[in-house]
Amino acid sequence: MSDPTEDVLSPLHDEHVALGATLTSFAGWQMPLRYTSDLAEHTAVRTAAGLFDLSHMGELEVTGPQAGAALDAALVGNLSGLAEGRARYTMVVDEHGGVLDDLVVYRLAEQRYVVVANASNVAVVREALTERLAGFDATLDDASLRTALVAVQGPRAEEIVASLTEPADVDAVRALKYYASTPATVAGIAALAARTGYTGEDGFELFVPADDAPALWRALLAAGEPHGLVPAGLSARDSLRLEAGMPLYGNELDRTTTPYDAGLGRVVRLDKVDDQGRPLPFVGRDALAGRSDSEPARVLVGLEGLGRRAARHGYPVLASAAPDAPHVGTVTSGAPSPTLGHPVAMAYVTPEVSGQGTELAVDVRGRAEPVRVVALPFYRRPR
């Protein structure tokens with residue numbers, strides 16, 4: 001971790017301090033780890049709503065007549081085909097197909113996109129886009145420090161956000177589909193309201209100017225309190241995304257991992273074509289094309305703990321609980337699941353042991369704990 005004295009402070013730093021948050025150094029930022037307890041914050045998001053500060057995420061604006069074409073060449077997805085007002089999950093990879101970051105890209109207008117990058121990779125993504133946009137009539141602007149991002153997640157999220165939205169905008173906000181966005185005035189503040197999230201619950205992410213973030217935060221806390229909303233930190237965010245089977249860069253994704261390894265080959269659009277119908281080149285295309293039909297050397301799976309001790313990042317996965325059982329994989333993320341009541345983990349394992357129902361073990365500090373391969377995600381919200 002970086003030296004806390006050198007960390008960037010969120011526009012909401014004073015709000016977190018006033019709420020008694022435990023702060024931690026994360027990706028060069030001082031961010032709230034928790035406010036009360038991990039369990040209480042996790043449970044609130046599953047049953048009511050949680051309020052998250054995501055201002056450490058990066059916002060890179062790409063504009064210009066060839067903005068869509070430039071992003072098609074830079075990323076694995078088809079961004080020029082994205083409708084205005086919609087968003088897409090995609091990735092930026094290197095020439096070998098290794099993941100540099102996973103991204104959400106919003107198309108705000110015909111010639112305007114916002115690329116949202118993970119906090120730890122903003123500089124990497126900015127550098128890659130700067131290099132890959134060269135030669136296109138497109139401009140890159142890093143708006144990360146000018147932009148705050150606040151998320152309301154949970155089954156009560158819609159009514160909380162709608163209660164603060166101007167009447168002229170409220171119908172559009174309520175009608176938003178998953179992975180869509182609309183401009184809206186929320187608590188008197190001009191925002192981009194997006195129906196996206198990282199918890200497995202319904203919810204909204206609100207992009208606002210950094211100076212407006214404290215007023216928005218306080219308004220959401222006040223409006224949400226009667227509905228059970230609580231502020232939630234990074235710890236709850238991690239346990240929620242794990243239950244929802246969502247990858248975390250640095251755990252499930254990194255430069256040694258291709259989208260196909262992670263079971264996310266669907267985001268790779270090898271069928272992208274130019275105006276003449278010719279295959280569209282993009283960075284990593286040749287490497288990924290060679291991997292698309294081959295069996296990966298490792299497969300990302302879900303593991304249901306059959307005991308009480310949780311597997312953690314980096315723990316070895318074993319073929320069985322027997323002494324001297326062979327090593328067949330490595331845990332990428334693991335924790336007790338507050339919602340399900342037993343430990344869960346994600347792990348890369350060899351293909352022959354990746355079938356659902358396969359019983360394996362994890363070496364938890366020298367003791368083989370039994371686990372079973374299950375489908376991801378572990379949790380799906382009620383519809």
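The model is predicted: local features need pLDDT of at least 70, side-chain atom pairs count only at pLDDT 80 or more, and totals for chains, interfaces and linings use all residues. Residues are numbered from 1 along each chain as its sequence is written, and side-chain values use heavy atoms, with hydrogens and water left out.

Helices (H or I, at least four residues) and strands (E, at least two) are DSSP runs, numbered from the N terminus. Helix α7 covers residues 213-224. Its end C-alpha atoms are 16 Å apart. The buried residues of α7 are Ala 213, Pro 214, Leu 216, Trp 217, Ala 219, Leu 220, Leu 221, Ala 223 and Gly 224.

The largest nonpolar core has 31 residues. Such a core is a set of buried Ala, Val, Leu, Ile, Met, Phe, Trp, Tyr and Cys residues joined through side-chain atoms within 4.5 Å. Leu 51, Val 152, Leu 216 and Leu 220 touch the most other members. At least two residues each come from β4 (49-53), β10 (147-153), α5 (157-164), β11 (181-186), β12 (189-194), β13 (203-209) and α7. Helix α7 gives the most, with seven residues. Leu 216 touches (heavy atoms within 4.5 Å) Val 150, Val 186, Ala 187, Ile 189, Leu 206 and Val 208, not counting residues up to four places away in sequence. Another core, of 22 residues, lies apart from it and includes Leu 71, Leu 79, Val 105 and Tyr 113.

Six strands form an open sheet of mixed pairing, in the order β11-β12-β13-β10-β4-β14. Two strands pair if DSSP finds at least two bridges between them. Strands β11 and β14 (229-231) are the edges, each pairing on one side only. Neighbouring strands are turned by 25° against each other on average, direction ignored. Strands β4 and β10 pair in the antiparallel sense over four bridges. Leu 51 stands opposite Val 152 in β10.

Helix α3 (residues 67-74) is also largely enclosed, because seven of its eight residues are buried. These are Ala 67, Gly 68, Ala 70, Leu 71, Asp 72, Ala 73 and Ala 74. Their cover includes β5 (58-63), β6 (87-93), β7 (99-109), β8 (112-117) and α4 (122-132).

Technical notes: The expected span of a helix is 1.5 Å times one less than its number of residues. Buried means under 20% relative accessible area, exposed over 50%, partly exposed in between (1.4 Å probe, protein chains only). Axes are lines fitted to C-alpha atoms, for helices over the stretch in contact, and angles run from 0 to 180 degrees between N-to-C directions.
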